[in-house]
Amino acid sequence: LSLQEIYIKAIDSVVSISCTLPNGKSSGTGVVLTDTGYIVTNCHVVEDATAVSILLTDGRSFNAQIVGADSVSDLAVLCIDA
């Protein structure tokens, strides 16, 4: 596949993540893992977050729950009710 074909196939699985922290904000990206709303991102993006918001490529926004996080591997799993 060309880079353009890969982009077209994958872009809808990429999400934007915004977090509220006790001392500010953080942001990053994630990837949708399942059609039931599980998303993987980096742990440092959501670490210490008091609120997490997900923005999909179609413009919809959802509040997310942190399901699990591991700072050693720098991975976190989130879930949205979408």
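The side chain of Thr41 reaches the backbone oxygen of Thr29 at 2.8 Å. The model is predicted, so local features need pLDDT of at least 70 and side-chain atom pairs count only at pLDDT 80 or more, while totals for chains, interfaces and linings use all residues. Residues are numbered from 1 along each chain as its sequence is written, and side-chain values use heavy atoms, with hydrogens and water left out.

**Thr41**
- Thr41 is in strand 3, residues 38-41 (strands are DSSP runs of E with at least two residues, helices are runs of H or I with at least four, and both are numbered from the N terminus).
- Thr41 is buried, at 5% relative accessible area (buried means under 20%, exposed over 50%, and partly exposed in between, with a 1.4 Å probe and protein chains only).
- Leaving out residues up to four places away in sequence, Thr41 touches Ile17, Thr29, Gly30, Val46, Asp74, Leu75, Ala76 and Leu78 (contact means heavy atoms within 4.5 Å).

**The nonpolar core**
- The largest nonpolar core has 14 residues, of which Ile17, Val46, Val52, Ile54, Leu78 and Ile80 touch the most other members (a core is a set of buried Ala, Val, Leu, Ile, Met, Phe, Trp, Tyr and Cys residues joined through side-chain atoms within 4.5 Å).
- Two or more residues of this core come from each of strand 1 (14-21), helix 2 (43-46), strand 4 (51-55), strand 5 (61-70) and strand 6 (75-80).
- In soluble globular proteins, nonpolar side chains tend to be buried together.
- Beyond four places in sequence, the contacts of Ile54 include Val15, Ile39, Phe62 and Ala64.

**Ile6**
- Ile6 lies in helix 1, residues 3-10.
- Ile6 counts as partly exposed because its relative accessibility is 43%.

**The loop between helix 2 and strand 4**
- Glu47 is placed in this loop, and its 39% relative accessibility makes it partly exposed.
- Apart from residues up to four places away in sequence, Glu47 touches Leu21 and Ser71.
- Glu47 and Ile11 are 36 residues apart in sequence, and their C-alpha atoms are 25 Å apart in space.
- Asp48 is also found in the loop between helix 2 and strand 4, and Asp48 is exposed, with a relative accessible area of 60%.

**Positive phi**
- Most residues other than glycine have a negative phi.
- Asp48 is not a glycine, yet has a positive phi of about 70°.
- Asp74, not a glycine either, has a positive phi of about 60°.
- Asp74 lies in the loop between strand 5 and strand 6 and is partly exposed, at 22% relative accessible area.

Methods. Polar contact = N/O pair within 3.5 Å; in protein donor to acceptor, adjacent residues only side chain to side chain.
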